[in-house]
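Biologist: Could you walk me through this model while I have it open? I would like to begin with the sheet and then move on to the loops.

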Amino acid sequence: MIPLILIPGHLCDHRLYAGLSPTLARRFDLRLAPPPEQDDIAAMAEAALGLAAGPAAFAGLSMGGMVAMAAIAQAPDRVLGAALFATDPTPARPREIAWRAGLRARVEEEGLATFVDAFLPNCLARDAGDRSAAFPTQARAMMLDAPAARFFAQARALDARRDMLGAVAAFPGPVEIVVGAGDRVCPPLLHRRLAEAAPAAALAELPGVGHLLTMEAPQAATAALERLAARIDPLSAPGRPVRR
């Protein structure tokens with residue numbers, strides 16, 4: 001069975017992937033990476049690679065997708081394929097770094113809620129309607145449960161991240177890319193660039209969906225992972241016997 005390392009995003013934990021269908025366990029040996037505590041994306045990727053003794057598939061949302069791409073850069077021979085959800089393959093831009101720096105200063109003085117309450121509205125699509133009615137409260141609780149030290153470490157990692165387009169362009173394995181059409185944090189344009197770079201990429205844009213798509217549209221995320229499994233190992237596709 002294919003090991004699949006699920007990597008949480010910024011201030012996220014296992015709840016980010018709680019809505020994925022349990023049927024994925026028929027295709028994958030699911031392994032949830034702990035919330036990253038390192039202040040460097042490459043170090044996070046090294047830890048994620050350590051969750052499997054041999055080759056594995058990797059999936060991540062936002063910062064988690066950056067970690068998955070860094071795993072491709074570090075050890076492409078140990079990556080069977082990747083699912084990249086709502087992520088960014090480019091370095092942090094000056095405006096982004098300045099925005100985060102201002103919020104870091106507020107978190108030091110006022111607590112993590114100041115960041116979460118500024119960031120979370122950007123995770124919702126403007127045209128989501130009722131689709132976003134349920135999960136923002138759950139997402140806010142998840143983010144507020146993160147210790148402040150994790151926030152600061154992850155913020156430093158995001159500020160210093162490297163360009164991953166070259167690493168993805170050199171990777172021959174299957175890559176499933178999924179983005180919400182209403183993602184304001186990592187917009188669809190970034191994912192189109194990523195899909196153009198990756199030789200074996202498939203891109204799906206989800207209408208009316210924002211940034212936290214594994215919580216907002218878990219069926220679509222599940223479908224992407226099913227497709228990834230079938231591309232890595234056609235015998236694991238629905239209707240076929242599962243390798244043991």
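This is a predicted model: local features need pLDDT of at least 70, side-chain atom pairs count only at pLDDT 80 or more; totals for chains, interfaces and linings use all residues.

Biologist: OK, and how many bridges join S1 to S3, and in which sense do they run?

Modeller: Strand S1, residues 2-7, is joined to strand S3, residues 56-61, by 4 bridges, and the two run parallel.

Biologist: What about S3 and S4, how many bridges there?

Modeller: S3 and S4 pair over 6 bridges, again in the parallel sense, and within that pairing Phe58 stands opposite Ala82 in S4.

Biologist: Is S3 enclosed or open to the outside?

Modeller: Of the 6 residues of S3, 6 are buried, so the strand is largely enclosed by the rest of the structure. Ala56, Phe58 and Gly60 point one way from S3, while Ala57, Ala59 and Leu61 point the other way, and all of them are buried.

Biologist: Zooming out, what is the strand order of the whole sheet?

Modeller: The sheet is open and has 6 strands in the order S2-S1-S3-S4-S5-S6, with parallel pairing. Strand S2 (28-32) and strand S6 (201-206) stand at the edges and each has a single partner strand, so one side of each is left without a neighbour in the sheet. On average, neighbouring strands of this sheet are turned by 15° against each other, with direction ignored.

Biologist: And which helix packs on the sheet and touches S1 through S6?

Modeller: That is helix H10, residues 218-232, which touches S1, S2, S3, S4, strand S5 (175-180) and S6, and whose direction makes about 160° with that of S4.

Biologist: Switching to helix pairs, at what angle do H3 and H6 pack?

Modeller: H3 and helix H6, residues 148-159, pack at an angle of about 165° with their axes 11 Å apart. Since an angle over 145 degrees counts as roughly antiparallel, H3 is roughly antiparallel to H6. The crossing of H3 and H6 is left-handed.

Biologist: Which residues meet there?

Modeller: From H3 there are Ile97, Arg100, Arg104, Val107 and Glu108, and these meet Phe151, Phe152, Ala155, Leu158 and Asp159 in H6.

Biologist: Now the loops. Where is Asp88 found, and is it buried or exposed?

Modeller: Asp88 is found in the loop between strand S4 (79-85) and helix H3 (94-110). Its relative accessible area is 3%, and because buried means under 20%, Asp88 is buried.

Biologist: Last topic, backbone angles. What is phi of Leu11, and what is phi of Ser62?

Modeller: Most residues other than glycine have a negative phi. Leu11, however, has a positive phi near 65°, and Ser62, which is not a glycine either, has a positive phi of about 60°.

Biologist: Where do they sit, and are they buried or exposed?

Modeller: Leu11 lies in the loop between S1 and S2 and is buried at a relative accessible area of 1%. Ser62 is in the loop between S3 and helix H2 (63-74), and it counts as buried at 10% relative accessibility.

Conventions: Residues are numbered from 1 along each chain as its sequence is written. Side-chain values use heavy atoms; hydrogens and water are left out. Buried means under 20% relative accessible area, exposed over 50%, partly exposed in between (1.4 Å probe, protein chains only). Two strands pair if DSSP finds at least two bridges between them. Axes are lines fitted to C-alpha atoms, for helices over the stretch in contact, and angles run from 0 to 180 degrees between N-to-C directions. Contact means heavy atoms within 4.5 Å. Angles under 35 degrees count as roughly parallel, over 145 as roughly antiparallel, 65 to 115 as roughly perpendicular and the rest as oblique. A crossing is left-handed if the near helix is turned anticlockwise from the far one by less than a right angle, and right-handed if clockwise.
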